[in-house]
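Me: I am new to this structure. Could you take me through some of its features?
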Amino acid sequence: MHGPEIRHLRYFVAVAEELSFSKAAVRLHMSQPPLSQQIKALEDDLGVQLLERSRREVRLTEAGKIFLNESRTILASLRSAVGATIRAAEADGGNVKIGFVTSALLDVLPSLLARMSKSFPEIELSVYDMSSRDQVEALMQERLDIGIVHSIPAIAAFNKLPIYSEPFILAIPEGHELEKEEKITAADLEKYRIIGFSREHSPSLYDAQLACCLAKGFRPTLVHQARTPFTVFQLIRSGLGISIVPKPYARLPFPGIVFKDVDNSAGHLHLYAVWRDEISSELIKKVIRQVMYEPFVERG
C-alpha cells in the first residue's frame with residue numbers, strides 16, 4: 001500500500017472496537033482471513049504494531065489506541081463532508097457569501113434576506129458591507145459569490161444585473177433655512193457648501209453625487225469628503241454644510257438631521273448585482289435565478 005486508505009481505517013476501527021476479528025468480519029460483511037490480511041498490511045505500511053493478538057484475545061497497543069482515536073476523527077469528518085455535500089445538492093443547503101454597499105442596507109438587504117429565508121431556508125448566508133471596488137476584487141478572488149454594487153465593473157467575465165434605483169434626497173441640519181421650503185430644486189443648492197462622499201472610498205457615490213448636480217446646471221462646492229453616511233451626517237449636524245444622499249439614508253436614526261425631497265429629482269443612484277460568469281456551484285446559480293432577478297422596489 002501507499003499510505004492507509006479509508007477502507008483500511010474502517011477495517012481497523014471495527015476490529016479495535018470489537019476486539020475480535022470474527023465479530024469485526026461479521027460487522028463488515030466480509031470473511032475473516034481477508035480482514036486479518038488487511039490489518040496486517042496496514043501495520044506493515046505504517047511500520048507500527050496496532051494490535052496484540054493471541055488465541056484468546058485481541059488488544060490495542062498504545063500506538064493502536066492513538067491510531068483508533070485519529071481514525072475515528074477522520075471517519076467522522078468524512079461523514080460530515082458527505083452529509084454537507086448531499087444537503088447542498090439535494091436540500092439547497094450550503095453557504096452563500098454576498099457583499100453589499102452601505103446604501104443597500106436599508107432597502108435591498110432586508111428584502112434579499114426575506115427572499116433567501118423563504119426560498120432557501122437551509123442556506124447559511126454570510127453578508128459583508130464593502131465598497132463596490134472591494135467587492136469586485138473579492139469576486140475575482142472568489143471570496144464573494146454575489147456582489148451588490150453602485151457601479152458596473154468593466155470586466156467582461158462578470159454578469160451585471162440592475163436591481164434597484166434610488167433617488168437622491170437633501171440632508172440638512174435642523175433649523176436650516178431650507179427646512180421650511182416646500183419646494184426645493186437642485187439649482188437652489190448652488191450657493192451652499194456640499195459635503196461629499198470620499199472619492200477614494202466611495203467613487204461611485206462621489207461621481208453620482210457630482211453628476212446629479214452638474215445635470216441640474218451647477219457645479220457644487222464640495223468642501224468636505226466623508227467615507228460613511230454617519231460621517232456625512234455628523235458634519236452636517238456640526239454646521240459644516242449640507243449634502244445630497246441616497247433616499248434610503250433618510251430612515252437612519254440620526255438626530256439633528258432633516259431630510260427634504262428635491263423637486264424633479266436630484267438624480268438617481270443605481271444598484272447592480274454582479275457575479276462571475278463561471279460559477280461551478282449549482283446552488284449559487286439557483287440563488288441568482290430565484291432571488292436576484294426579481295426587482296427590489298424602493299419602499300415609500
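Me: In which sense do strand 5 and strand 11 pair, and over how many bridges?
Reply: Strand 5 and strand 11 (residues 268–276) pair in the antiparallel sense, over three bridges. Strands are DSSP runs (E, at least two residues), numbered from the N terminus, and two strands pair if DSSP finds at least two bridges between them. This is a predicted model, in which local features need pLDDT of at least 70, side-chain atom pairs count only at pLDDT 80 or more, and totals for chains, interfaces and linings use all residues. Residues are numbered from 1 along each chain as its sequence is written, and side-chain values use heavy atoms, with hydrogens and water left out.
Me: What stands opposite Gly147 in strand 11?
Reply: Val274 does.
Me: And how does strand 3 run relative to strand 5?
Reply: Strand 3 (residues 94–100) runs parallel to strand 5, joined by three bridges. Phe100 has Ile148 of strand 5 as its bridge partner.
Me: Are the residues of strand 5 buried or exposed?
Reply: Ile146 and Ile148 on one side, and Gly147 and Val149 on the other, are all buried, meaning under 20% relative accessible area (1.4 Å probe, protein chains only).
Me: Changing topic, how many aromatic pairs are there?
Reply: The count is six, where rings of Phe, Tyr and Trp (its six-membered ring) pair if their centres lie within 6.5 Å; planes under 30 degrees apart count as stacked, over 60 as edge-to-face and the rest as tilted.
Me: Why is the pair of Phe233 and Tyr249 edge-to-face?
Reply: Because the ring planes of Phe233 and Tyr249 stand at 90°, with the centres 6.4 Å apart. Both Phe233 and Tyr249 are buried.
Me: Which residues do ring pairs link into a cluster?
Reply: Phe197, Phe233, Tyr249, Phe254 and Phe259.

Technical notes:
Buried < 20%, exposed > 50% of the residue type's maximum accessible area, 1.4 Å probe, protein only. Helix = DSSP H or I, 4+ residues; strand = E, 2+ residues; numbered from the N terminus.
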